[in-house]
Each structure stands twice: as C-alpha cells, then as structure tokens.
Amino acid sequence: MVTPSAVRGAHEPVTAPAVREFDHRDSGTPESSWVAAAELTTAPQMTLAGVARLVVVAAHPDDESLGAAGILATAAAAGIDIVVLIATLGEGSHPESTTHSAQQLKTLRRAEVFAALGAVAPTAAVRLLSLPDGRLTDHRGVLAAAIRQSIAPAVNPSTHLSIDPGMTLVVAPWRGDGHPDHEAAGAAAALAADETGARLLEYPIWAWHWGSPADLPAELVRLDLGPAGRRAKEAALQCHRSQVEPLSQLPGDEAVVSPAFAEHFRRPYEIFVTAAEPARSTSLPQGFFDDFYADGEDPWGFESRWYEKRKRALTMASLPRERFARAFEPGCSIGVLTAELALRCDELLATDISARPLAAARARLAANDGVRFEQRRIPQEWPVGEFDLVVLSEVGYYCSAADLRVLVERAAASLSPQGALVACHWRHRVADYPLRGDDVHRALRAAPSLGLLAEHREEDFLLDVYLRAPVVSVARAAGLA
C-alpha cells in the first residue's frame, strides 16, 4: 500500500474528506484494545451462503491480503467464482527509498500479489489496473467501470446478513479508512454496486491503526475463519515481503506493515462494514460545486425535468401557511424554487456556496425586491435573526455528520415561535456525498425542539414539515378543528 505519510499534502484530494492525518510509523492502537472491543466480538456472523461471485477490490497490492484474505480463502474453498481487482501496483509505498525505484517496486509488488493470491484463492481471476498509486481519486471513474465489468448480474440484493442466491458480493476498502486511495476505491465500489445491484461489504485497514472502537460504525459483520483460513491468510501476508519486512537497513526502507500493525490481521475473524453511508469527516467544499456548475447552468435539470417540477409542486403545497414574513433558503442554486417561494414570502434570504448559480438566481429574480441573495457556507455562516420559514431542499447530505448536527441545531434555533421548517432530500446514495437524505431526516426528527407536522415518503425522496414544538395542525391553527 502507499505509505500514509507519503500522500498527505500534494496528493490529498480536496474532495476526499475521509482522509486523516496519521503516519504508519506511529505506534498506533494496540491490538489488545481491539481484542476486548464488544463492537467486534458481538458483531453478527455472516456466511457466504448463496454467493455466486466474489469481487474483491484492493487499492494496492497487500490490501486484499490484509483485509480480505480470509473471505477469499473461504470463497475459494466453497467453489465460488472470484475476481480480484488491484487498482495500483503500489509504487508509492517507499517514497524515500534510495535502493528501490518506483518501477522496481511495481515489479516486486506485482509478483507478491500473485503469490499471495495463489496462497488463498489460486483459481481467482486477477486484474491489475496499474492506476497511479496515491492518485486513485483522479481515476475513480475508471476503477468503478472496471468493477462494474467484473460484477455478474445480481438477483434480489439482500438487506440481511446472509446473501441471496445468485448474489454478487463486492468487497472493497472501507470509505472511512482514512487513506485517500482507500476512500476512492471504496467509493468506486459503492457506485458500481449501486448501479448493478451487487451487495457491498467494506474492510478497514488503517482504521485499526489510528482508530478506536468508537470510530467504527455500528453496522459491522464478522466472518469467522477456521484453521485453514487463518493459515492461508498468514501465508498470503508473508508473500508481501516488501511491506512486512524492510527493503534494507537504510532510512526510507522501513517496513510499512510493522509487526504491531500486522497483529490486527491475525485475528480468527475478519470484520466488514455493511453501512451504506460513506464515513466522511468534512462537508463537500466549495470547489466541488464550482466544478459541478462549470459544465452548465442547470446541471440538475431543475427547469427541464418533470421529476423536479413535481417535487417542487409538492414542496410548495406542503407549506403550512399561505404567507410568511421572513424566510431562509440555503443552497438555492439557480433560484428555481426560490422564485416560487418568493410568491409566498414578504422577505426571503437565499444563499449558495458557489458564486455561479447565485448569479443565475439573481438574474432570475432581479425584479423582486423582497429577495436577497448572499454567498454563504452553511452551517458555518448561518444568518442571524429569526425566520418564519426555513427550507432545506437537497442540501443536508452535502454535510458531514458533525456539520449536519450543527445545521439542524441552527435551523431549529432560528425558527420564530410559529416558524416552520420544510426539508426535502433525495434518498438514493451518491458516492461523492457524505450522507444520504434519510440521514438528514433522521437528524431532524431527533431534534428536541422540532415536531413533525407532515411527512411525504417516496422511493426517491423524503419531504417533511416541522414546527416548533408543540405542533398544532393547520386546521387547528385556523380554528377549524
């Protein structure tokens, strides 16, 4: 694998918020801390019953052995069809070496991964993509396409721990692992799995080094390894000599996988994350949206798609009052919803993180003196004052979990005593987004000062209306009930 200390800084992509600051040379979390963790010992057991094809994705040679050699050995013993995709050849593992060039490391590690897979899954089909080590984020689309090509048609994806008959199971690095290449590989696998209906499991690697049990998501499963599986995994690990042993005694040639780190992978089981949500530590940055709007003024099709027109009509119909004195719409984009809200509001503040859509929104509502546009980053730059209406339309899932908590707190606190909050969010997973729409609405429903007035649930989106507690229905507020 590429050394974590080698990829911080210049190669750290601005849109990979799962990246963490850590160094493989640090002592890290001892295995004794994990052995006693109830999160691991009580994780539900999984089986490969019914799996027709196993697709294992590795960012670097040795990832597949560290995180998934046990499941590979189990699948091979069961006669399951196996494909292994190695995204890079790991040429960045020793950037300070004076004895091995990047090309020499490529050659060495290529031989090592074939030897390792021969120890656990000798019949597996192996694809070496040779993408740039440390730069997988820039090639995530290529990787996702390769994963899609390796996935057999899936039937009835399971939502349970056992896999449905005929199922293709994709196993990839955990998106919360803290390494940019692992995040990119996991995101590519998630996208391919979503598009094909395959089941996805994710394996942590560096999280065992920098993390603690509290850093893992709750949705874990455990694959218990028998003696044969453990022996096969140990043999595979030893094949990656360039990683588990020093290249030489010179500085820069130290082992990447230290003995203490290797202990995490000698457990009698393997742990996988089943959570669909990416575990990201920061919200999407302004640059993400600037780049998105660079290809067109209306990239989401707000003006052209019937889906958007219908959803907008439902949003407007859900407003609990005919008029509002002061309203706030963060993430207004090009102002299509803003124009309809302006007809129901005396004053409306509309903001966006990116300047380009704001310019289009200003032009659209240039004749409306009651609408004010500002470039703001939400929730950090939440406006002061109270609002009778706050509209969170397709914005919450751009936040990290921490920022979402702040967003909910500030939105709820900014409501006037009779204020309403309307939230509408897409439910399907998007690989680049930190969260899903369901995450946003769960957080809103948990807010102690908000009460749910109305809800609309479809496969594609959620639409909720909240009032400052206690909730009074529209008919009761009008004296009709």
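Buried means under 20% relative accessible area, exposed means over 50%, and partly exposed lies in between, for a 1.4 Å probe and protein chains only. By that scale Ser130 is partly exposed, because its relative accessible area is 43%.

This is a predicted model, in which local features need pLDDT of at least 70, side-chain atom pairs count only at pLDDT 80 or more, and totals for chains, interfaces and linings use all residues. Residues are numbered from 1 along each chain as its sequence is written, and side-chain values use heavy atoms, with hydrogens and water left out.

**Backbone details**

Ser130 sits in strand S3 (residues 125-131). Helices (H or I, at least four residues) and strands (E, at least two) are DSSP runs, numbered from the N terminus. The phi of Ser130 is near 55°, a positive value in a residue other than glycine.

Glu394 also has a positive phi, about 55°, and is not a glycine. Glu394 is in the loop between S11 and H16. Is Glu394 buried or exposed? Glu394 is buried, with a relative accessible area of 12%.

Pro379 belongs to the loop between strand S10 (371-375) and strand S11 (387-393). The peptide bond leading from Ile378 to Pro379 is cis, and its omega is near 15°.

**Helix packing**

Two packed helices are described by the angle between their axes and the distance between the axes. Axes here are lines fitted to C-alpha atoms, for helices over the stretch in contact, and angles run from 0 to 180 degrees between N-to-C directions.

Helix H5 (residues 102-120) packs with helix H9 (residues 227-239) at an angle of about 170°, and their axes are 8 Å apart. H5 is therefore roughly antiparallel to H9. The scale is this: under 35 degrees is roughly parallel, over 145 roughly antiparallel, 65 to 115 roughly perpendicular and the rest oblique. On the H5 side, the contact (heavy atoms within 4.5 Å) is made by Glu112, Ala115, Ala116, Ala119 and Val120. On the H9 side, Ala232, Lys233, Ala235, Ala236 and Cys239 take part. The residues of this contact of H5 with H9 divide into 8 nonpolar, no polar and 2 charged. Nonpolar covers Ala, Val, Leu, Ile, Met, Phe, Trp, Tyr, Cys and Pro; charged covers Asp, Glu, Lys and Arg; the others, Gly among them, are polar.

H5 also meets H4. The axes of H4 and H5 come within 8 Å and cross at roughly 35°. From H4 come Glu64, Ser65, Ala69, Leu72, Ala73 and Ala76, which meet Val113, Ala116, Leu117 and Val120 of H5. The residues of the contact of H4 with H5 divide into 8 nonpolar, 1 polar and 1 charged.

His60 lies in the loop between strand S1 (51-58) and helix H4 (63-77). His60 counts as buried, at 0% relative accessibility. What does the side chain of His60 make a polar contact with? The partner is the side chain of Asp133, at 3.1 Å. A polar contact is a pair of N or O atoms within 3.5 Å; within protein, one must be able to donate a hydrogen and the other to accept it, and residues adjacent in sequence count only if both atoms are side-chain atoms.

**Aromatic rings**

A pair of aromatic rings is described by the distance of the centres and the angle of the planes. Rings of Phe, Tyr and Trp (its six-membered ring) pair if their centres lie within 6.5 Å; planes under 30 degrees apart are stacked, over 60 edge-to-face and the rest tilted. The structure holds 18 aromatic pairs. Two of them are set out here.

| Pair | Centres | Planes | Type |
|---|---|---|---|
| Phe288 and Phe292 | 6.3 Å apart | 10° | stacked |
| Tyr307 and Trp426 | 5.8 Å apart | 90° | edge-to-face |

Tyr307 lies in helix H13 (residues 306-318) and Trp426 in strand S12 (residues 415-426), so their pair ties together parts that are 119 residues apart in sequence. Tyr307 is partly exposed at 24% relative accessible area. Trp426 is partly exposed at 28%.

Phe288 and Phe292 both lie in helix H12 (residues 286-293), 4 residues apart, about one turn of the helix. Phe288 is buried at 12% relative accessible area, while Phe292 is partly exposed at 29%. Both rings belong to one aromatic cluster, formed by Phe288, Phe289, Phe292, Tyr293, Trp300, Phe302, Tyr397, Tyr398 and Tyr433.
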